[in-house]
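This report goes through one structure part by part. The sequence and the coordinates come first, and the description follows.

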Amino acid sequence: MKVVDEYIDTVYQFKGLWDLPSACGLKILRSDKHTVVLVSELYRENPGTSITNVTASLAMQICHDHEIDPKKMIYIERCPEMKSKLNFYSERNYTVTFTFIDGVLNNPQYAEISLEELRKYIS
Amino acid sequence: MTEIKFKLIYPKWKKLEGQTTFNLPPHGPVVMAASLPEYVHVSFTDENVEDIDFDEPCDFVGISMMLSTQVKRGWAIAQEFRKRGKKVIFGGISTMLHAEETMLYADSVFLGESESRMEEVFSDFRNNSLKKLYNYLSIQPPIELVGPARRDILNRELYNHKGVQMVDLFHASRGCKFSCYPCAVSYLGGRSFRPRPINKVIEELETIENNRLFIVDNSLAQNTEWEMELFKSMIPLKKKWISHTIEDDPKVLELAAKAGAWYVYQAVFDTSDYIKERIKRYHDFGIGVEGTILLGLDNQSEDDIKRLIDFLLEIDLDLAEFTVLTPFPHTKVYDDMIRQNRIFDHDWNHYNADTVVYKPAQMSPERLYELYRYAWDTFYKDETQEQKMFRLFANVVMREMSDGTFKPRNRNLVNMSFGKEVVRNSN
């Protein structure tokens, strides 16, 4: 079940929980108003922590490495379709909002969005 | 070098109501004990079968935890020892799953596999420079270093029911290449399958006096060549064993049967012919099947669950174990539930696979629990769990008698069950 997805431009290596070397799919779309950060779970190709286990820390790492202003970021977590007969590997997308205190993102809150809504964010 | 007296504890957990209770000798502590430096004298207590003596003389305390339902008890035990001025280190699977919380109750937490790491820990302890965290989660030791477990630290008589010795636990590999929805093994042991060298496996098996084993590997079906070689090498030992899934290929099953496969656990997640045929193939080779059935998946309606139970009765499973979907940390199900804000119970004592701690997709938590009870009651309506177990047990006894490995029960322990006297009904 290799993740092949049009919403992944690059594989981003990040520090997971307990510094576990971890990886996710990444697509960044910049505009004048905001930056959309699309983070995809890679399942078997992620050797470490899941993207949801360290959402806030991962968002901070991406902001730091890609010079993104966290206050102008639209952050989307994506579970790609895995073409599995088990329905819990079907596609799901979530926007994530954070509190931003003392320069650090905290307290991720998830809201599921449809594929149409996702497309609007990246069109 | 001065000896260090190390007290190793395995905390108790509440057993599930309505199910036959067995206490198996734990595996994690005996594997960890094998990696201790020579100057460490270990004294082990499994709190499931004996009480802890908090005043037993010792220098250093280790708490080994496997289940989420052990962690709160483990933390309480640590507090008792720390009150007495003892330093406490935690390790094991559920320590890794609950590491951040566990650190609040520990002098030290060890994450990862213990082989070749314990000299550092004990040397730091001796020099009064114990670290708060030993993080080896991402650096696994070479698999060749895994040696025979220290089963000598167990009090064997405590793992005995009316004179019948329980199976010994054993592992032939670590890590898992699969990322199954409810499972955390790939987080704990890495996402690549790491089989032990066959000669090392056989060397350890030869040290185990018990003829009956439970091979606890997550799945042996990850490398066909190694799996077949393993079974071939096991044939002369004449052990009888239980395991998780093995490869569903006639040539593998034939070897497994010859190597002593007694029964296997098989996840049953739908009512397909694929499952039906798989169970039949195991049976064709004389291998029993205990179905493991997870209830509460998002795609299951009430009718689906009822249909699944009818199906289990049709396919002639030897045993069935029903569990409620439980979002253990570091699993995909946990991530999904967190994102969907569906977990309403965060008490780890309730993460026993018998309690609904989340909002199911197609029914209320209460209804799911009712269906879970219905599943147990319906499957075991005509023949109880104990009766079905006895049939499997009789099967292994027959096989042992025919190959000359049968050992009669220990007559001195016929009135004991897991260290306690059996109360017999006088009627």
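## Helix pair in chain B

In this predicted model, one helix contact in chain B joins B:Ile198, B:Val201, B:Ile202 and B:Leu205 of helix H7 to B:Glu229, B:Leu230, B:Ser233 and B:Met234 of helix H8. Sorted by class, the residues of this contact between H7(B) and H8(B) are six nonpolar, one polar and one charged.

Two packed helices are described by the angle between their axes and by the distance between those axes. For H7 (residues 198–207) and H8 (residues 224–234) of chain B, the angle is about 35° and the axes lie 10 Å apart. The crossing of H7(B) over H8(B) is right-handed.

## Fold of chain A

Chain A contains two helices and six strands.

In overall dimensions, the C-alpha trace of chain A spans about 45 × 35 × 25 Å along its principal axes. The radius of gyration of chain A is 14 Å, which agrees with the value near 14 Å for a compact globule of 123 residues. Of these 123 residues, 34% count as buried. Among the contacts in chain A with a separation of 6 or more, 51% come from residues 24 or more positions apart.

## The sheet of chain A

Strands of a sheet pair through backbone hydrogen bonds, in either a parallel or an antiparallel sense. In chain A, six strands form an open sheet with mixed pairing, in the order S1-S2-S3-S4-S5-S6. Strand S1 (10–15) and strand S6 (104–113) of chain A stand at the edges; each has a single partner strand, so one side of each is left without a neighbour in the sheet. On average, and with direction ignored, neighbouring strands of this sheet are turned by 35° against each other.

One pairing within the sheet can be given in detail. Strand S2 (residues 21–30) and strand S3 (residues 35–40) of chain A are antiparallel and share six bridges. A:Arg30 stands opposite A:Thr35 in S3(A).

## Contact between the chains

How many residues does the contact take from chain A and from chain B? Chain A gives 18 residues and chain B gives 19 residues. On the side of chain A that touches chain B, nine residues are nonpolar, five are polar and four are charged.

Technical notes:
Residues are numbered from 1 along each chain as its sequence is written. Chains are lettered from A and ligands numbered from 1 in the order in which they are written. This is a predicted model: local features need pLDDT of at least 70, side-chain atom pairs count only at pLDDT 80 or more; totals for chains, interfaces and linings use all residues. Two residues are in contact if their C-beta atoms, placed from the backbone, lie within 7 Å. Ala, Val, Leu, Ile, Met, Phe, Trp, Tyr, Cys and Pro count as nonpolar, Asp, Glu, Lys and Arg as charged, and the others, Gly among them, as polar. Two strands pair if DSSP finds at least two bridges between them. Helices (H or I, at least four residues) and strands (E, at least two) are DSSP runs, numbered from the N terminus. Axes are lines fitted to C-alpha atoms, for helices over the stretch in contact, and angles run from 0 to 180 degrees between N-to-C directions. The radius of gyration is taken over C-alpha atoms; the globule rule is 2.2 Å times the number of residues to the power 0.38. A residue is buried if 20 or more other C-beta atoms lie within 10 Å of its own, exposed if 12 or fewer, and partly exposed in between; C-beta atoms are placed from the backbone. A crossing is left-handed if the near helix is turned anticlockwise from the far one by less than a right angle, and right-handed if clockwise.
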